[in-house]
Amino acid sequence: MINAKQPWLIYLLISLALAAPESFAAAEEKLDEHVAHEHGRIIVNLILEGQSLVVELEAPAVHVLGFEHAPRSVTQKSKVAAINLWLESGKGLLNVPRDANCQLQSVNYTAPNFDRTTDHVDYKARVNYRCRNPLVLAWVELALLQRLIGVEITTVNLITSTLQKQLTLKERASRVPLR
Ligand SMILES: [Zn+2]
């Protein structure tokens, strides 16, 4: 069994090396592996396969809400509600070239349960798009960064049919080349 505390990327790379023919499916599965919670950093996984574009966000609650405990004040409760509405909608996470004609297909988002833990809390969301013209998808912009607070580093794990790589974006940098 995989030790869930190990960095997922190592397993991703090993699995890709060991299982090249099924690399894409394997890579996608490995993206679900646990990733260490680290303040200052969020993780964005981008997976482009054919017309399917998937974005996965994993962010410590402190960068989503500005705090990382069960909401207490009215202001904090309304912040949590607003974030839930945003992530349930799946909108405003990415900007893409208009000609790529990408449309939102589905959203996987479950609001974190603050009551169940006194430990750190992560926000996780996954959004699927269908892009009718993926050939012009030269880049995506992480519009989600505009809604987050105090992010110093964005670790982007990019997987397309032709490349797998990890990029590090600093502070407000948001454009990710897909080639
Ligand atoms: Zn934390």
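His63 touches Ile42, Leu148, Ile149, Gly150 and Val151, when residues up to four places away in sequence are not counted. Contact here requires that the C-beta atoms of two residues, placed from the backbone, lie within 7 Å. The structure is a predicted model, in which local features need pLDDT of at least 70 and side-chain atom pairs count only at pLDDT 80 or more, while totals for chains, interfaces and linings use all residues. Residues are numbered from 1 along each chain as its sequence is written.

His63 is found in helix H3. Helices (H or I, at least four residues) and strands (E, at least two) are DSSP runs numbered from the N terminus. With 21 C-beta neighbours inside 10 Å, His63 counts as buried. The term buried applies if 20 or more other C-beta atoms lie within 10 Å of a residue's own; the residue is exposed if there are 12 or fewer, and partly exposed in between. His63 and Val151 are 88 residues apart in sequence, yet their C-alpha atoms are 6.3 Å apart in space.

For the chain as a whole, the assignment gives four helices and eight strands, and their sequence pattern is α-α-β-β-α-α-β-β-β-β-β-β. Of the 179 residues in the protein chain, 26% are buried. Among contacts between residues at least 6 apart in sequence, 63% join residues at least 24 apart.

Six strands form an open sheet with the order S3-S4-S2-S1-S6-S7 and mixed pairing. Its edge strands are S3 (102-109) and S7 (164-170), each of which pairs on one side only. On average, neighbouring strands of this sheet are turned by 20° against each other, direction ignored; the axes are lines fitted to C-alpha atoms, for helices over the stretch in contact, and angles run from 0 to 180 degrees between N-to-C directions. Two strands count as paired if DSSP finds at least two bridges between them.

| Strands | Sense | Bridges |
|---|---|---|
| S1 and S2 | antiparallel | seven bridges |
| S1 and S6 | parallel | seven bridges |
| S6 and S7 | antiparallel | seven bridges |

Leu46 stands opposite Val55 in S2, and Ile47 has Ile159 in S6 as its bridge partner. Further along the sheet, Thr154 is partnered with Leu169 in S7, and Ile153 stands opposite Lys170 in S7.

Two hairpins occur among these strands. S6 is joined to S7 by a hairpin through four residues.

Strand S1 (residues 41-49) has seven of its nine residues buried, so it is largely enclosed by the rest of the structure. The largest nonpolar core has 32 residues, and those with the most contacts inside it are Ile42, Val44, Val55 and Leu57. Such a core is a set of buried Ala, Val, Leu, Ile, Met, Phe, Trp, Tyr and Cys residues joined through C-beta atoms within 7 Å. S1, S2, helix H3 (61-64), helix H4 (74-89) and strand S4 (122-131) each supply at least two residues of this core. Its largest share, six residues, comes from S1.

Leaving aside neighbours within four places in sequence, Ile42 is in contact with Leu57, Glu58, Ala59, His63, Leu148, Val151 and Thr154.
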